[in-house]
Amino acid sequence: MEKTGDMMPDAGNIRIDGHTLLAGVIGWPVAHSRSPLMHNWWLRQGGINGAYVPLPVAPGQFETAVRGLLAAGFRGVNVTIPHKESAYRIVDRLHRSARRSGSVNTLVFDSDGTIEGYSTDGDGFVANVEAHGIAVNGGRALLLGAGGAARAIAASLLDRGMEVLVANRTRARADALAASLEGVVVVDWAQAGSVLPGCAMLVNTTSIGMEGGAQAQFPLDLAQADPALVVCDIVYVPRRTGLLEWAAGHGLRTVDGLGMLIHQAGLGFEKWFGAKPDIGPAVEALLDADLRHPRARDAG
């Protein structure tokens with residue numbers, strides 16, 4: 001890990017004191033978040049005098065909480081459900097990633113008292129795919145789903161020269177995404193299978209992976225896919241979703257969602273703590289072990 005923030009001499013004995021760099025994750029609820037486990041592990045590994053804490057903030061209290069954290073000297077926060085729209089409105093500056101994706105999941109508090117908003121989901125997704133040895137620089141991608149994560153991923157894929165098709169169970173949501181992000185082409189959910197043979201990448205951004213078997217719920221036949229198709233799922237509980245099992249059964253390359261969680265988190269960590277975290281097998285094993293814990297069944 002490259003380290004530029006305040007350091008402690010013994011990575012195994014981090015203490016909280018007047019020099020501790022603070023960040024956290026705001027949500028409601030937020031107890032299930034794996035972000036504190038991951039960020040605090042990185043802090044210990046890097047010997048950085050910092051702490052990352054869960055911050056349960058009820059709806060309607062978001063701006064009050066953020067202003068208080070800014071005043072208290074926090075470096076920034078991650079933002080999760082249900083506060084992402086509020087985060088987009090509260091910032092003083094939107095990074096290009098946030099403008100392109102139409103969402104904010106990372107706030108950086110600057111020393112002048114201003115707040116900058118980032119969206120790390122799209123770039124985290126791409127970084128995860130590339131970490132699997134897959135180039136993201138052209139071809140056609142079919143995205144299933146049209147929520148905030150889909151838009152962030154679509155924006156990052158478009159920025160890297162890919163054609164992006166979007167299919168959603170409710171057509172109006174896909175149309176809204178396409179209207180807000182130039183270059184996206186909408187495909188009817190029922191017709192998604194007809195465009196699959198020409199795709200280099202298939203990305204599930206829906207919750208279907210949490211709901212059951214893939215074959216019965218996706219309007220696709222992976223037997224018709226190009227053998228070079230890469231199948232991605234941003235769901236990581238379970239880590240090996242029905243879609244990924246189905247794809248592996250057809251001999252297709254797969255990318256699960258845990259790496260996206262890690263890579264998007266690393267982008268925020270570097271901005272808050274001034275160090276590049278170790279995004280590799282050790283932190284992946286840490287999270288994978290935690291996800292196998294019985295509480296993971298209820299965390300989502």
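A charge is taken to sit over a ring if NZ of Lys or CZ of Arg is within 6 Å of the ring centre and within 35 degrees of the ring normal. By that rule, R169 lies over the face of W189, at 5.9 Å from the ring centre. The model is a predicted one, in which local features need pLDDT of at least 70 and side-chain atom pairs count only at pLDDT 80 or more, while totals for chains, interfaces and linings use all residues. Residues are numbered from 1 along each chain as its sequence is written, and side-chain values use heavy atoms, with hydrogens and water left out.

Helices (H or I, at least four residues) and strands (E, at least two) are DSSP runs, numbered from the N terminus, and two strands pair if DSSP finds at least two bridges between them. Six strands form an open sheet with mixed pairing, in the order β3-β2-β4-β6-β7-β5. Its edges are β3 (50-56) and β5 (93-94), each of which pairs on one side only. Strand β2 (residues 21-27) runs parallel to β3, and seven bridges join the two; within this pairing, L22 has A51 of β3 as its bridge partner. Strand β2 is also parallel to β4, here through four bridges, with I26 opposite V79 in β4.

Contact means heavy atoms within 4.5 Å; axes are lines fitted to C-alpha atoms, for helices over the stretch in contact, and angles run from 0 to 180 degrees between N-to-C directions. Helix α2 (residues 62-71) lies across β2, β3, β4, β6 (106-109) and β7 (115-118), and runs at about 40 degrees to β6.

Rings of Phe, Tyr and Trp (its six-membered ring) pair if their centres lie within 6.5 Å; planes under 30 degrees apart count as stacked, over 60 as edge-to-face and the rest as tilted. The count comes to four aromatic pairs. In one of them, the ring centres of W42 and F269 are 5.4 Å apart and the planes stand at 70 degrees, so the pair is edge-to-face. This pair links distant parts of the chain, with W42 in helix α1 and F269 in helix α11 (residues 258-273), 227 residues apart. W42 is buried at a relative accessible area of 0%, and F269 is buried at 0%. W272 and F273 make an edge-to-face pair, at 6.3 Å centre to centre and 85 degrees between the planes; W272 is buried, and so is F273. One aromatic cluster is formed by W42, Y52, F269, W272 and F273.

Turning to charged side chains, a salt bridge is a side-chain nitrogen of Lys or Arg within 4 Å of a carboxyl oxygen of Asp or Glu. The structure holds 16 salt bridges. Among them is the bridge between D159 and R100, with the closest N and O atoms 2.7 Å apart. These partners are 59 residues apart, D159 in helix α6 (residues 148-159) and R100 in helix α4 (residues 96-101). D159 is partly exposed at 37%, as is R100 at 22%. Another salt bridge joins R292 to D288 at 3.0 Å, where R292 is exposed at 65% and D288 is buried at 14%. Through shared partners, salt bridges connect R239, D256, E284, D288 and R292 into one network.

Finally, the backbone deserves a look, since most peptide bonds are trans. The bond from I81 to P82 is cis, with omega near 5 degrees, and P82 is placed in the loop between β4 and α3 (84-90). The bond from V237 to P238 is likewise cis, with omega near 5 degrees; P238 is found in the loop between β12 (230-233) and α10 (242-249).

Conventions: Buried means under 20% relative accessible area, exposed over 50%, partly exposed in between (1.4 Å probe, protein chains only).
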